[in-house]
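Reader: Could you walk me through this model? I'd like to begin with how the chains meet and then go wherever the questions lead.

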Amino acid sequence: MSKDNQILEELTSKDYEHGWSVDMEVDEAPTGLNENIIRWISAKKEEPQWLLDWRLKAFKTWLDMKEPEWANVTYPKIDLQGLKYYSAPKKSNKPKSLDEIDPELLQIYERLGISLNEQKKLQGIAVDAVLDSVSVGTTFKETLSKMGIVFCSFSEAVKEHPELVKKYLGSVVPMTDNYYAALNSAVFSDGSFCYIPAGVRCPMELSTYFRINAANTGQFERTLIVAEEGSYVSYLEGCTAPQRDENQLHAAVVEIYAAKNSEVKYSTVQNWFPGDKNGKGGIYNFVTKRGICAGDFSKISWTQVETGSAVTWKYPSCILKGDNSIGEFYSVAVTNNYQQADTGTKMIHIGKNTKSRIVSKGISAGKSQNSYRGQVQVMKRATNARNFSQCDSLLMGDRCGAHTFPYIDIQNSSAKVEHEATTSKIGEDQLFYCNQRGIATEDAVALIVNGYAKEVLNQLPMEFAVEAQKLLALTLEGSVG
Amino acid sequence: MTTITKNKAIDLFLENNPNFSTFENLRKSGLEFLEMKGLPHLKEEEYKFTQISKKIEQNVSSFKSAIKTELTAENVKSNLFEGFDGDVVVFNNGHFDAELSSISAQNYSFLKLSETQPDLLGQIAKNEKDPFAALNSLTFEDGVHISVEKGKKVEKPIFLIHFNKANEGQIINSRILIEIAENAEVTFIENTVSLDEEVYFSNAVVEVKVNQNAHGYYYRLQNENRKAISANNFATDIHRDATFTSVATQLQGDMLRNNLTLNLLDSGCVGNMYGLYLLNGKTHVDNHTNVDHTKPHCDSNELYKGILADSSRGVFNGKIFVRQDAQKTNAFQQNNNILMSEDAIVNTKPQLEIWADDVKCSHGCTTGQLDEEALFYLQARGIGKEHAKGLLLYAFAGEVFEHIAYEPFKEYCIQLVQERLGSSF
């Protein structure tokens, strides 16, 4: 890591402590899912009546829905009635210092270059308040609020900005959208809310702030980002550090609303527990992410690095409604051992002169299955729509699979749509070349994979690009030879 | 499983099915499959864009099999293209017409299906792979079996020509089984001619077995009337070091659905699939191709091109499977479309499913329109706009015909396409 990056990294990953995430009471909802549980959750969170009604409506819709089976993944059925839908972290279970943490995990942190304080935070260790992180955090918040930017937890937003939440909640991903989105709408625990007022350019990557703030948002996360006219925001979700979460099912919903001339950049790094070498355990990550370019000349850009989870089922999409709006999707999905990923995007061109670009890089190793599933749809009105898609797959080992399911539906004769895909393995000659120059095979693979994924990694906010590179190498460790 | 009742067409098919005593096992498994699955409904992934069951329900009024219609030697003669020299196999509403056919049977044997072993059928185009294949198994009466002798080359092409004119019953079933023995070579040409402008539903199954080191070429033309509904299942088993090439051209019909399957069963085989769809009016063409690489060192090439005018619709789904054993596979697939009007629709889904790592697979797909600059360039040189368009479109489409090795047929196709491009695009 270069010095600049290091400094940046240190600066940005300082810890932050804010009441709501730490002082939560120890509480758990009873097992199971029914209307009462939803009322219970809502009451616990002191939600207004309209939100409770909204949740209940979502629950009723959900009851009539069936679990989707079309994805190219197999996993044992999840017993949704056997889950607990609300659980605040229990303080007593938290380790008191880093000494109690699995040394293997600490080693990984170190190799990823995650700072000590952050390591503590990730493990849920209560951090001493003397750290200057508080001031950093407060400064962030002050700067942001001065500009009129609202960035807070979802529950806070419901209390303090109910009119905004009410207006945009469910406007991009309606509760009826799909099985998991409906479930999320009914039981979502918390998440983030972000509002950028007109003409404001958010001065920092909300990533940094979020990373600190994000611990324990629970398994049913709900994120809502609203960018008003002419605004800009870059947002990062997740983190490169491995997360040993107890919750098996994660069904999050992310909604982005981009008004005229605004730009939203959303980056995800996902590294949930992928299960062990034999495919035991691991997280099911069933996420609905969608953004709408509602105004003319707006832009939404999704970047994701997916290395974790046993099963991933995720299609960040863009609805390009405004004329001249732009949607982008950059993805690196790595699967190893018994991981399965079915991921891709949807680009729905509705407005004139809309453009979209898809770059998807899949890497499968071990006995994993990696699928790209994407749709490019050009509606009749979308004159001069333009799309370019590229989805490449890299196979490592002869027991893994790479699949591509692109749907291209064009209803306008002025559309220009291109799609290309390739599948291959790392060339023996390339490896040999590296070996010859004294680079060990494993390092050579990391080198080549990073080069292969560069186009996507370049889209990440700088401080995370470096970590993501290391993460790729780590995930693929042991898959060669 | 009660999907069957959801689907009126299937009940009508069953009611009007005369219960043949032949090919008992095949028909039984076809019926079982249909009873379980029914005809494809709207939500089915494979038939998502092609609502053929609905089309049949709405348009077909008599679900009886069509009987032979009046057909003369003149009909046959007028549909042979210039320069053609070879055997002709005539189908009259799906029934083999011995009188009008001219079969030399040189280096190959020709039989009716009822004269061959019944268990040869349904081995390649399996009932459970597609509901229309199953339906054909249930409703076909008889068909033909052509087997090329070992080590022989059938010098002249065999022309399979279908004449369709359904009046009383509107269902036309045909079934063809082709076996190409070791080291043999043969070329087939298939054409469908509608004798009138009325509705019919033709449901065809062609099964081809290409044995070791044999070579098969199959050129198919579909230029039917504007009310014709058609489902075709074409399946091929390709064995060691054998090659098979299919060139399919679709020009007209109401709704045409083609399933083309190549199973590459042993190492060293090559499967080629080329296609062109040149559509106008309300024609809806759906090409589903499927290449299954099961063994190492096989190649497959695929190129499908489409030009769509008026409110026509082109659906393309190309699947490439590369199984775990199929290392060193090369598989290429390309689909290009040009949309000529605001109302034309393209739905394309090039799909790769790969389980082996030492492979080279790629697919590409584009949808666009004519290059304005190229058009301007030609116009600037005094070529009228319509003519210039025709030239550019022909340049786009012509690539597919490069793969037709039989010159007279290639010329014929080029001529057909040029006429069409000149008149209505």
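**Where the chains meet**

Author: This is a predicted model, and in it the contact takes 31 residues from chain A and 32 residues from chain B.

Reader: Which elements give two or more residues to chain A's side of that contact?

Author: On the side of chain A that touches chain B, the elements giving two or more residues are β17 (386–396), β18 (401–410) and β19 (416–425) of chain A. Sorted by class, that side of chain A has 12 nonpolar, 12 polar and seven charged residues.

Reader: OK, and stepping back to chain A itself, how many helices and strands are there?

Author: Chain A holds 14 helices and 19 strands. Of its 481 residues, 52% count as buried, and among the contacts in chain A with a separation of 6 or more, residues 24 or more positions apart account for 85%.

Reader: What about the largest nonpolar core, and which residues have the most contacts inside it?

Author: The largest nonpolar core has 240 residues, and A:A258 and B:V322 are those with the most contacts inside it. As general background, nonpolar side chains tend to be buried together in soluble globular proteins.

Reader: Which residues does B:V322 touch, leaving out those up to four places away in sequence?

Author: With those sequence neighbours not counted, B:V322 touches B:H293, B:T329, B:A331, B:I354, B:W355, B:A356, B:V359 and B:C361.

Reader: Switching to helix packing, how do α4 and α10 of chain A cross?

Author: The axes of helix α4 (residues 49–63) and helix α10 (residues 179–187), both of chain A, come within 7 Å and cross at roughly 150 degrees. The crossing of α4(A) with α10(A) is left-handed.

Reader: Which residues make that contact?

Author: From α4(A) the contact draws on A:R55, A:A58, A:F59, A:T61 and A:W62, while α10(A) contributes A:A182, A:L183, A:S185 and A:A186. By class, this contact of α4(A) with α10(A) has six nonpolar, two polar and one charged residues.

Reader: Is A:S309 buried or exposed?

Author: A:S309 counts as buried, because 27 other C-beta atoms lie within 10 Å, where the cut-off for buried is 20 or more.

Reader: And what is the phi of B:F23?

Author: Phi of B:F23 is near 45 degrees, again a positive value in a residue other than glycine. B:F23 sits in the loop between α2 (8–15) and α3 (24–37) of chain B, and B:F23 is buried, with 22 other C-beta atoms within 10 Å.

Reader: Last topic: which residues of chain B does UniProt list for the SufBD core domain?

Author: The unreviewed UniProt entry lists residues 167–396 of chain B for "domain: SUF system FeS cluster assembly SufBD core". Over that stretch chain B is 9% helix and 61% strand, and the end C-alpha atoms are 39 Å apart.

Reader: And where does UniProt place the SufBD N-terminal feature in chain B?

Author: In an unreviewed entry, UniProt places "domain: SUF system FeS cluster assembly SufBD N-terminal" at residues 20–158 of chain B. Those residues of chain B are 27% helix and 18% strand, with the end C-alpha atoms 29 Å apart.

Methods
Residues are numbered from 1 along each chain as its sequence is written. Chains are lettered from A and ligands numbered from 1 in the order in which they are written. This is a predicted model: local features need pLDDT of at least 70, side-chain atom pairs count only at pLDDT 80 or more; totals for chains, interfaces and linings use all residues. Axes are lines fitted to C-alpha atoms, for helices over the stretch in contact, and angles run from 0 to 180 degrees between N-to-C directions. Helices (H or I, at least four residues) and strands (E, at least two) are DSSP runs, numbered from the N terminus. A crossing is left-handed if the near helix is turned anticlockwise from the far one by less than a right angle, and right-handed if clockwise. Two residues are in contact if their C-beta atoms, placed from the backbone, lie within 7 Å. Ala, Val, Leu, Ile, Met, Phe, Trp, Tyr, Cys and Pro count as nonpolar, Asp, Glu, Lys and Arg as charged, and the others, Gly among them, as polar. UniProt positions are given in the numbering used here, feature names are shortened, and annotations may be inferred rather than shown by experiment. A residue is buried if 20 or more other C-beta atoms lie within 10 Å of its own, exposed if 12 or fewer, and partly exposed in between; C-beta atoms are placed from the backbone. A nonpolar core is a set of buried Ala, Val, Leu, Ile, Met, Phe, Trp, Tyr and Cys residues joined through C-beta atoms within 7 Å.
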